[in-house]
Amino acid sequence: MSVVSGAGDPLQVAPVHVTDESMDRMVFDCFTWRSVFDGGAGKVACLTGAHRQAQDATFQNALDRVRWGRADRSTIELFNATSSATFSAPATKLRILKSAVQDINHAKLATLPSLAHVFVAHDVMLSTDPQVMDEALTSLRSCVDVSFSVKVDAPVILTRKVDGVAPGTRGIVRDVIQNSVIVEDEEVFVESVMCDFAGVRVGVGRVRFSAYDHTGTEVAYSEQVPLLLGWALTVHRSQGLTLDAVEIDFTLDSWTTCGLVYTALSRVRSFAALRVSGLRRDLIRASRCALAYYEKKLVEEGINPVDDGRPPVVG
């Protein structure tokens, strides 16, 4: 017997180009989801309660208003009041466009005097079907860059758990080292990035990132170091990560996608880790389809949406 499981928040930002009106549907509107999870053999369970922001009730309540698309003026003021916040280490800037993030990170990396080390992704296709290969490569590139350049003293963010250090943890590169290993009776030199994560030194080597087809079969994989430069990230790339400190200037990008503002603001644990400017109420949007689906599932589970943080409608 095979078991398929999935988890996620329908009120966070959807994949790029997927909207309430697009031809591509939200995952919960897809045939596969309905047949597997909403069908007779499956079940959708709603997990409630605060976790990442559990220690800051004021922050959690403000995020709930943003998440449900019901932020009022006082909520906006709370976020914008963090515009002058200071941190012990530089905050990670969140931007929408990958090009903006690359410009920031490349400019900052160029100021460091040490030599750059480049890690090129090792892609392996396990299928010979051209369409499957094309879709797999697109999937891999969404989470693994073709090349990753890094220097000593560069800030980095971990994207996979390594030696007990959680994804999203910010560290500093201390060295790039080579270790020799024996593969099929041959000596091979393997590079890894030695990082300092708040006093914990960890050697970060390549890991396997996989792409799957609709049956759950691995059709391709890429081997790359699970690190990103830490000066800036795209909101989509930060999804699922808990970051130590974040800076967002809402005047710099077009925040028109449903769930995008909530996803960005919720990357940190508290107001103390956030520096926000330019947030406006009209930028905060929630998907009508996602709201209807989520409320329906909460009610089916016997959960009052109010108990899951749904605030009253803004007047």
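Two strands count as paired if DSSP finds at least two bridges between them. In this predicted model, β3 and strand β10 (residues 218-224) are joined by four bridges and run antiparallel.

- Three strands form an open sheet in the order β3-β10-β9, with antiparallel pairing.
- The edge strands are β3 (122-125) and β9 (207-212), each of which pairs on one side only.
- Averaged over this sheet, and with direction ignored, neighbouring strands are turned by 20° against each other.
- Helix α5 (residues 130-141) packs on the sheet and touches β3, β9 and β10. The direction of helix α5 makes about 35° with that of β10.
- Within the pairing of β3 with β10, histidine 122 stands opposite glutamate 223 in β10.

**The pair β2 and β4**

- Strand β2 (residues 117-120) pairs with β4 in the antiparallel sense, over four bridges.
- Opposite histidine 117 stands valine 150 in β4.
- In a regular strand the side chains alternate between the two faces of the sheet.

- Side chains of opposite charge can pair when their charged atoms come close.
- Glutamate 301 and lysine 43 meet through their side chains in a salt bridge, at 3.0 Å from N to O. Glutamate 301 lies in the segment after α8 (288-300) and lysine 43 in the loop between α1 (31-36) and α2, so this pair ties together parts that are 258 residues apart in sequence.
- Of these two partners, glutamate 301 is partly exposed, with a relative accessible area of 31%, while lysine 43 is exposed, with a relative accessible area of 61%.
- Lysine 296 and glutamate 300 form a salt bridge through their side chains, at 2.7 Å from N to O. Both residues lie in helix α8, four residues apart, which is about one turn of the helix.
- Lysine 296 is partly exposed at 45% relative accessibility, and glutamate 300 is also partly exposed, with a relative accessible area of 49%.
- The side chains of arginine 65 and aspartate 72 meet in a salt bridge at 4.0 Å, N to O. Aspartate 72 counts as buried, at 19% relative accessibility.
- A network of salt bridges links Lys93, Glu247 and Arg275.

**A buried aspartate without a salt bridge**

- Aspartate 64 is found in helix α2 (residues 57-67).
- Although buried, aspartate 64 has no salt bridge. The nearest side chain of opposite charge, that of arginine 67, is 4.9 Å away, whereas a salt bridge requires a side-chain nitrogen of Lys or Arg within 4 Å of a carboxyl oxygen of Asp or Glu.
- Leaving aside neighbours within four places in sequence, aspartate 64 is in contact with Gly309 and Pro311.

**Cysteines**

- A disulfide is a covalent bond between the sulfur atoms of two cysteines.
- Cysteine 30 is in no disulfide, and the nearest cysteine sulfur, that of cysteine 289, is 12 Å away.
- Cysteine 30 is partly exposed, with a relative accessible area of 30%.
- For cysteine 143, the closest cysteine sulfur is in cysteine 195, and the 19 Å between the two sulfurs is too far for a bond.
- Cysteine 143 is partly exposed, with a relative accessible area of 32%.

**Glycine 259**

- Glycine 259 lies in the loop between β13 (246-249) and α7 (260-265).
- This glycine 259 counts as buried, at 4% relative accessibility.
- Leaving aside neighbours within four places in sequence, glycine 259 is in contact with Leu11, Gln12, Val13 and Arg285.
- Glycine 259 and alanine 290 are 31 residues apart in sequence, and their C-alpha atoms are 9.6 Å apart in space.

Notes:
Residues are numbered from 1 along each chain as its sequence is written. This is a predicted model: local features need pLDDT of at least 70, side-chain atom pairs count only at pLDDT 80 or more; totals for chains, interfaces and linings use all residues. Side-chain values use heavy atoms; hydrogens and water are left out. Helices (H or I, at least four residues) and strands (E, at least two) are DSSP runs, numbered from the N terminus. Buried means under 20% relative accessible area, exposed over 50%, partly exposed in between (1.4 Å probe, protein chains only). Lys and Arg count as positive and Asp and Glu as negative; His and the chain ends are not counted. Contact means heavy atoms within 4.5 Å. Axes are lines fitted to C-alpha atoms, for helices over the stretch in contact, and angles run from 0 to 180 degrees between N-to-C directions. A disulfide is a pair of cysteine sulfur atoms within 2.5 Å.
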